[in-house]
Amino acid sequence: MKPLSFVIITYNRPADMLELARNISALDKAADLLEEVIIVNNASVHSYSAVREFIRKTPEIPFKFIDSHENLGVARGRNFALQQGRAPFVIMLDDDAVLQNHDALSNLIVEFSKPAQGRPVAIISFKVLYFDTMQMQVNAFPHKDFKTYRDKDFFLTYYYAGGAHAIRREVFDRTGNYPIDFFYGMEEYDLSYRILDHGFAIAYSDKVVMLHKESPLGRNTKKEKMAMLWINKSKVAWRYLPAIYFWSTAILWSFEYLQKTGFDFGGWFRGWKHVLHIPSTEKRITVSKSTQEYLSTVDARLWY
């Protein structure tokens, strides 16, 4: 079995997906290191005929193009795609991205073997640059203290960039899959706490660089998506952290919701209705003392 596979969930971006497929096929040792490249068409309304044709003409790369008949969302989409492969390390990318360095695959294998406070490394989170400007994408950087960590080539952290990372497949056997009640947003935090509590570490490495085609100005955030981010982050805090962090997260994210939605008080009240039901509907599995010590050593921001 070859060590690596790709998982890409594609959303109405066939041109970007074609460029990414070409990019993957041009990576050093791609045919030797890749067990499969799994592309899930998440019920797109656009034609992927050009992507299918490229796959047909590139038999040396083990592409698997799979159509989903419904929009599975991010978490369910990843769970579905993971079932289609078997390689021990899985690279998960956004479909509006390419890898910059041709030696990314070989580098990944080395990075997973680095020491990590006596813990095996479960995830490598990549360096992410904007495609157009080559500036670092701050909101894809896996640490909130950007100024302190931005120039480090490798460090341990407590969460990762969902569309720019690689993960050990065995992790899911220990922790379970992504939470299916999270249609959009914060599923990485939920999995991160479970990963850490099972004795693994999460790391960042600049030896794999992803170029993201998102504008540096960001995307417009819909009210529904902003509400999901607020509610889901509050769920994560309640499930895994001491109770004080649930309340700080719920309150501070409620302010974030107001700011990002132009003070949509109707949605704010609806959001609080969901958040206040969390303690009575969500099971708490507070992370262990050793995990809390790990979070402290990596300077994790837990308040929100």
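Student: How much space lies in the second largest cavity?
Tutor: Keep in mind that this is a predicted model. A search of the whole structure turns up two cavities of 30 Å³ or more. For the second largest cavity, the space comes to about 30 Å³.

Student: Which strand gives the most to the lining of the second largest cavity?
Tutor: The lining includes Phe126, Lys127 and Val128, along with Pro142 and Tyr204. By class, that lining divides into seven nonpolar, one polar and one charged. The top contributor, with three residues, is strand β6 (residues 121–130).

Student: And which helix gives the most to the lining of the largest cavity?
Tutor: This cavity holds about 50 Å³ of space, and Tyr158, Lys233 and Arg301 are among the residues that line it. Two helices, α8 and α9 (223–240), each supply at least two lining residues. With three residues, the one that gives the most is α9.

Student: Why is helix α4 (residues 73–82) largely enclosed by the rest of the structure?
Tutor: Its buried residues include Gly73, Val74, Arg78 and Leu82. What covers the buried residues of α4 includes β1 (4–10), β4 (89–94) and α8 (187–197). The helix counts as largely enclosed because, of its 10 residues, the number buried is eight.

Student: Is serine 288 buried, partly exposed or exposed?
Tutor: Serine 288 sits in the loop between α11 (265–281) and α12 (289–297). Buried means under 20% relative accessible area and exposed means over 50%. Serine 288 has 27% relative accessibility, so it counts as partly exposed.

How values were computed:
Residues are numbered from 1 along each chain as its sequence is written. This is a predicted model: local features need pLDDT of at least 70, side-chain atom pairs count only at pLDDT 80 or more; totals for chains, interfaces and linings use all residues. Side-chain values use heavy atoms; hydrogens and water are left out. Buried means under 20% relative accessible area, exposed over 50%, partly exposed in between (1.4 Å probe, protein chains only). Helices (H or I, at least four residues) and strands (E, at least two) are DSSP runs, numbered from the N terminus. Contact means heavy atoms within 4.5 Å. On a 1 Å grid over the protein atoms alone, a cavity is a set of points where a 1.4 Å probe fits but cannot get out, and a pocket is an open set with protein on both sides within 12 Å along at least five of seven lines; lining residues have an atom within 4 Å of a point. Grid points are joined across faces, edges and corners, and a volume is the space filled by probe spheres set on the points. Ala, Val, Leu, Ile, Met, Phe, Trp, Tyr, Cys and Pro count as nonpolar, Asp, Glu, Lys and Arg as charged, and the others, Gly among them, as polar.
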